[in-house]
Amino acid sequence: MIQIKALTKSYPSVQGRQYIFKDLNFTFPTESNVAILGKNGAGKSTLFRMLAKSEYPDRGQIITKKSMSWPVALQTGIHPQMTGRENTRFIGRINNVRSLSEYEKNVQTFAELKNKFDLPVKTYSSGMRAKLVFACCMNINFDIYLIDEATSVGDPHFRKKAKKTLKDKAKQAGVIMVSHELDQIREFCTSAVIIRDGKLKYYKDLEEAIAIYTGEN
Amino acid sequence: MNSLSAQLKGWRTVIFALFLRELQSKFNDKLGLSWAFIEPALFILVLSFIRGKVTGGDVHSIPIFIFMLIGMIGIQSFLSSLNSISTAIKKNKPLYAFRQVHPISAIITSAFLEFSIKTVVIFLLSIAVYLMRMPYSFDNPVMLVGVYLLLWIFATSIALLFSIAAAYIPEIDKIKNFISRPMFFISCVFFSLQDIPKEYWHYFNWNPVVHYIELARYACFTSYGNEGVSLAYAAMCSLVSLFFALSIYHLTWKNILSR
């Protein structure tokens with residue numbers, strides 16, 4: 001469970017402050033895999049980044065006892081000049097994994113990069129990068145995984161594997177996902193939160209949420 | 001909240017990881033890390049050598065080569081660290097997605113890297129001086145080390161301020177170049193404060209870099225004298241700028257993340 005208390009978030013712009021959330025109070029459920037739905041610019045990514053503490057609200061708090069992953073998007077934290085292995089070790093180090101060499105090995109097998117693992121990331125295709133980032137995240141134990149369309153690029157075989165891993169993880173961990181692809185959300189999530197006009201609403205049933213979301217578009 | 005020691009340990013791991021990352025990405029060409037030491041060492045050595053050959057003799061009891069060497073090391077420590085540390089916050093932007101990595105970790109890492117490189121450069125230059133059988137002396141080594149550290153505190157604080165400013169106003173880099181270029185000529189690198197008539201001193205000795213450089217020369221050769229410069233002023237400049245930079249950082253770091 002993640003508690004959001006009196007949260008206000010705005011961005012400055014030439015037209016004055018743009019408020020995304022104003023005095024928002026909400027209890028974010030994490031028992032099941034949750035999708036965040038909303039139109040472009042509704043504040044999905046902002047909420048997502050604030051949950052991950054990559055960004056902070058102007059006022060208010062986000063309180064949780066769970067450990068959260070970083071927002072797993074396509075490129076986060078990957079340096080194109082460094083090799084896959086060096087990038088993996090960097091991510092392992094800052095997340096304090098117990099054994100770096102073991103972590104490295106697991107990521108290499110999971111991402112199916114074989115000997116490409118020792119080449120600079122700039123030589124990778126976008127699918128391979130996505131695999132690497134996803135593998136780095138999945139091999140660290142978090143209570144909640146924050147996933148931002150990262151899995152949509154992999155080939156069908158990898159997507160199947162990703163789905164299976166996420167399903168396994170879902171037994172002890174939760175997943176929060178942002179995506180525009182409804183198929184993908186149906187694959188991974190069972191419930192949803194809809195963002196509209198700076199307000200959040202939780203739907204226990206994913207299909208109900210999707211119906212409302214697509215109806216309103 | 002976590003205990004202090006656990007937090008310190010967390011900071012240490014992050015900075016260590018960033019440090020390795022910086023090393024790996026900065027020096028993965030053929031010349032590698034060695035270039036980082038050779039380039040500034042050669043630059044300083046050649047410039048000092050030419051100046052020594054042109055005029056020769058002593059400047060206020062210091063051999064001109066050593067005089068130039070100290071001046072060049074001082075101004076290079078200030079200018080090149082200012083340039084690279086002040087881009088650190090922007091350069092590491094993608095990494096702030098990890099909540100463990102704060103903008104200040106990038107600054108500390110970059111400052112530490114620059115400091116280590118420059119210290120090795122000084123070591124290399126000292127060996128060169130020794131091998132060339134130049135006359136040298138360290139009359140007051142404690143003061144020399146102290147002045148060197150004060151210079152670094154000052155340079156890092158100013159760089160932190162520029163780095164924060166660059167997050168709000170990207171054009172600040174142009175202003176930084178505009179300001180830093182004349183620093184090379186007004187910081188008593190090529191001449192001594194003693195060469196200037198006393199009534200014009202106030203045009204020069206507001207600049208803390210003048211104090212660091214002249215004090216370093218005085219620390220090496222007591223006979224050089226320390227008229228017109230003061231350790232207290234140098235220390236105050238370092239501490240005030242450090243305090244000011246950290247306060248501004250404390251006020252703005254969460255905003256920097258959203259930019």
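**Entry 1: helix H1 of chain B**

I began with helix H1 (residues 4–26) of chain B, which has 23 residues; at 1.5 Å a residue these should span 33 Å, and the end C-alpha atoms are 32 Å apart, which agrees. The expected span is 1.5 Å times one less than the number of residues in the helix. Helices (H or I, at least four residues) and strands (E, at least two) are DSSP runs, numbered from the N terminus.

I noted what kind of model this is: it is predicted, local features need pLDDT of at least 70, side-chain atom pairs count only at pLDDT 80 or more, and totals for chains, interfaces and linings use all residues. Residues are numbered from 1 along each chain as its sequence is written, while chains are lettered from A and ligands numbered from 1 in the order in which they are written.

Next I asked which residues of H1(B) are buried. I found Val14(B), Ala17(B), Leu18(B), Arg21(B) and Glu22(B). A residue is buried if 20 or more other C-beta atoms lie within 10 Å of its own, exposed if 12 or fewer, and partly exposed in between, with C-beta atoms placed from the backbone. An α-helix has 3.6 residues a turn, so residues three or four places apart point the same way. The cover over the buried residues of H1(B) includes H2 of chain A together with helix H5 (103–131) of chain B.

**Entry 2: chain B as a whole**

I listed 9 helices and 2 strands in chain B. Along the sequence I read the pattern α-α-β-β-α-α-α-α-α-α-α. A compact globule of 259 residues would have a radius of gyration near 18 Å, and chain B has 20 Å, which agrees. This radius is taken over C-alpha atoms, and the globule rule is 2.2 Å times the number of residues to the power 0.38. The C-alpha trace of chain B spans about 60 × 45 × 35 Å along its principal axes. Buried residues are 36% of the 259 in chain B.

I then looked up Phe67(B), which sits in helix H3 (residues 64–85) of chain B. Phe67(B) is buried because 26 other C-beta atoms lie within 10 Å. Not counting residues up to four places away in sequence, Phe67(B) touches Val59(B), Ile62(B) and Arg217(B). Two residues are in contact if their C-beta atoms, placed from the backbone, lie within 7 Å.

**Entry 3: chain A and its domains**

For chain A I wrote down 7 helices and 8 strands. A compact globule of 217 residues would have a radius of gyration near 17 Å; chain A has 18 Å, which agrees. Its C-alpha atoms fill a box of roughly 50 × 35 × 35 Å, taken along the principal axes. In chain A, 43% of the 217 residues are buried.

The domain assignment of chain A gives domain 1 (1–69 + 142–155 + 163–217) and domain 2 (72–141). Such bounds come from an automatic or database domain assignment. The centres of the two domains of chain A, taken over C-alpha atoms, are 25 Å apart. Their contact takes 13 residues from domain 1 and 13 residues from domain 2. On the domain 1 side, strand E5 (residues 144–148) of chain A gives the most, with 4 residues.

I also looked at Leu37(A), which is in strand E3 (residues 34–37) of chain A. Buried or exposed? Leu37(A) counts as buried, with 28 C-beta neighbours inside 10 Å. Leaving aside neighbours within four places in sequence, Leu37(A) is in contact with Ala192(A), Ile194(A), Ala209(A) and Tyr213(A). The C-alpha atoms of Leu37(A) and Ala209(A) are separated by 8.4 Å, although the two are 172 residues apart along the chain.

**Entry 4: the core and the chain contact**

Which residues touch the most other members of the largest nonpolar core? Of its 124 residues, they are Ile36(A) and Leu146(A). The largest share of this core, 13 residues, comes from helix H6 (residues 141–168) of chain B. A nonpolar core is a set of buried Ala, Val, Leu, Ile, Met, Phe, Trp, Tyr and Cys residues joined through C-beta atoms within 7 Å. Not counting residues up to four places away in sequence, Leu146(A) touches several residues, including Phe48(A), Leu51(A), Met68(A) and Ile176(A).

Last, I checked where the chains meet: the contact takes 19 residues from chain A and 18 residues from chain B. Helix H2 (residues 84–94) of chain A gives the largest share of the chain A side, 4 residues.
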